[in-house]
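Please open the model in your viewer and keep the sequence panel beside it. The tour below goes from stop to stop, saying at each one what to select and what is to be found there.

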Amino acid sequence: MADYQKMWADLGMNLEMHDILCSVLPGAIGDVFLSQKNRPEKMDYFDFVLAEVHGVRPAELVKFREEGGKVFGTFCAYVPDEVIIAAGAIATGLCAGSQFWVPGGEKYLPANTCPLIKAMLGARFDRTCPFYRLADVYIGETTCDGKKKAYEILGTDVPMYVMDLPQMKREKDVKKWAGEIRELKDMVEKETGNKVTAESLKEAIKITNAKRKALQRLFDCRKGKNIPISGTDVILALQIAYYDDPKRFTQMVNTLCDELEKRNAEGVSVFPEGTKRIMLSGTPMVIPNWKLHNLVETSGGAVVCEESCTGTRYFENLIDESGETVDEMIDKIAERYMKINCACFTPNEGRFDDIIRLCKEHQIDGVIDQNLKFCQTYDVEGYTLEQRLKEAGIPVLGIETDYTDSDAQQLKTRIEAFIEVLG
Ligand code: SF4
Ligand code: SF4
């Protein structure tokens with residue numbers, strides 16, 4: 001990584017601790033990504049963003065703020081970036097996927113809290129993530145209980161705005177979410193001093209829909225017999241989607257898709273013929289959590305679909321672009337976001353239907369339903385999901401894990417056995 005010491009110091013980061021975090025990155029990139037054979041050339045952009053993860057994009061945000069811009073940090077696929085973009089601000093994802101931050105979070109949270117939440121607090125309070133330093137306001141949401149309560153603790157250190165997400169999907173709930181988005185707009189307008197106009201919101205919807213279309217195209221490239229890209233590479237792109245500039249990201253994904261479509265036409269695969277096709281469903285895998293992808297793809301399987309918020313839940317369903325007024329557009333935004341099927345909702349039948357549909361579309365041989373330890377909603381939902389998949393004749397393996405490597409060998413043995421049984 002280039003030298004960003006001054007920027008990090010100016011951001012009030014703990015440089016000594018941050019150096020330790022940065023020191024493991026080159027090795028991890030080499031082991032997980034660069035060791036793969038026959039990677040698409042256009043992954044070079046995503047490799048670069050990863051290698052400079054705490055440098056290039058934070059430097060852009062620093063410049064943006066110096067010019068008077070505001071940055072909003074978000075934690076969930078339900079928070080609509082459109083409103084933030086329409087106010088001329090930047091949205092950046094703050095979900096944390098490293099074990100490095102977990103002990104810091106455990107100083108504030110019970111040990112039996114999901115690692116994602118613990119890492120969020122550790123990243124903030126240990127002062128080792130530039131994105132956490134750069135966001136002017138954090139935007140949370142009432143999804144799971146752990147996050148809700150953790151936002152109260154984060155709110156003691158940083159301006160925290162929480163959206164009240166309904167837990168059901170009746171018509172009145174969609175209306176309620178539209179109301180929450182209107183209030184978010186008011187807050188963002190106040191913070192930025194910019195008005196969200198029909199014109200700016202229309203443009204913002206176009207930007208995010210284009211990003212969704214590019215990611216859908218990327219997933220479409222993984223539906224045929226030929227597998228032109230590893231799941232390990234795709235999950236990296238999805239993780240970067242949360243914090244990269246949306247227009248540039250869309251362009252880079254489309255450029256990658258050009259290459260993948262050519263590979264499919266020419267039969268260029270990264271896996272030998274007959275490699276078992278695996279779907280990973282469940283809790284999000286946020287940067288730098290590549291654990292399960294790496295385990296599956298070094299155990300004789302290929303991940304060809306992710307049903308998660310770092311997967312299909314992030315980009316499926318476009319926003320209807322027919323709205324003309326700000327109010328109409330907010331209603332359309334609410335409708336789209338309320339189609340995301342997170343386990344925080346009840347009932348959540350739509351998620352089972354999505355998974356079975358995706359299994360067919362991606363010709364899945366087996367599903368690995370992964371659950372981050374202590375995530376109750378996905379854990380409980382795993383029971384019904386397994387029943388539904390069994391009824392549909394799709395083999396499934398339920399796995400519970402965290403960000404440590406302590407269970408890696410045991411998981412590898414189970415995954416290898418699962419893949420072997422797929423025939
Ligand atoms: S899994 Fe649920 S709570 Fe987590 S990011 Fe996705 S929608 Fe939000
Ligand atoms: S993985 Fe589960 S417990 Fe963790 S933040 Fe997401 S919904 Fe909450």
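A residue is called buried if 20 or more other C-beta atoms lie within 10 Å of its own, exposed if 12 or fewer do, and partly exposed in between, with the C-beta atoms placed from the backbone. This is a predicted model, in which local features need pLDDT of at least 70 and side-chain atom pairs count only at pLDDT 80 or more, while totals for chains, interfaces and linings use all residues. Residues are numbered from 1 along each chain as its sequence is written, and chains are lettered from A and ligands numbered from 1 in the order in which they are written.

**The whole chain**

Begin with the protein chain as a whole, whose secondary structure comes to 19 helices and eight strands; helices (H or I, at least four residues) and strands (E, at least two) are DSSP runs, numbered from the N terminus. Its C-alpha atoms fill a box of roughly 60 × 50 × 45 Å, taken along the principal axes. The radius of gyration, taken over C-alpha atoms, is 21 Å, which agrees with the value near 22 Å that a compact globule of 423 residues would have; the globule rule is 2.2 Å times the number of residues to the power 0.38. Of the 423 residues, 50% are buried.

**The sheet of four strands**

Next, select the four strands that form an open sheet in the order β6-β5-β7-β8, with parallel pairing; two strands pair if DSSP finds at least two bridges between them. The edges are β6 (301-307) and β8 (396-401), each of which pairs on one side only, and the twist averages 30 degrees from one strand to the next. Here axes are lines fitted to C-alpha atoms, for helices over the stretch in contact, and angles run from 0 to 180 degrees between N-to-C directions.

Within this sheet, look at β5 (residues 276-282) and β7 (residues 366-372), which run parallel and are joined by five bridges; to find one pair, select S281, whose bridge partner in β7 is D369. Helix α17 (residues 349-361) packs on the sheet, where it touches β5, β6 and β7, and its direction makes about 140 degrees with that of β6. Two residues are in contact if their C-beta atoms, placed from the backbone, lie within 7 Å. Helix α18 lies across β5, β7 and β8, running at about 170 degrees to β7.

**Strand β3 and its partners**

Move on to strand β3 (residues 137-141), of which four of the five residues are buried, so that the strand is largely enclosed by the rest of the structure. Strand β1 (residues 71-74) pairs with β3 in the parallel sense over three bridges, and the bridge partner of G73 in β3 is Y138. Four bridges join β3 to strand β4 (residues 160-163), again running parallel, and there G140 stands opposite V162 in β4.

**The two ligands**

Around ligand 2, the residues include C114, T143, C144, K147, T283 and Y378, and its shell divides into seven nonpolar, four polar and one charged. Helices α7 (115-125), α9 (145-154) and α18 (376-391) each supply at least two residues of that shell.

**Backbone details in the loops**

Finally, select P288 in the loop between β5 and α14 (291-297), where the peptide bond from I287 to P288 is cis, with omega near 0 degrees. Another cis peptide bond joins T346 and P347, with omega about -15 degrees, and P347 is in the loop between α16 (326-337) and α17.

The last stop is F374, in the loop between β7 and α18, where phi is near 75 degrees, a positive value in a residue other than glycine. Is F374 buried, exposed or partly exposed? With 18 C-beta neighbours inside 10 Å, F374 counts as partly exposed.

Technical notes. Near = placed C-beta within 6 Å. Nonpolar A, V, L, I, M, F, W, Y, C, P; charged D, E, K, R; others polar.
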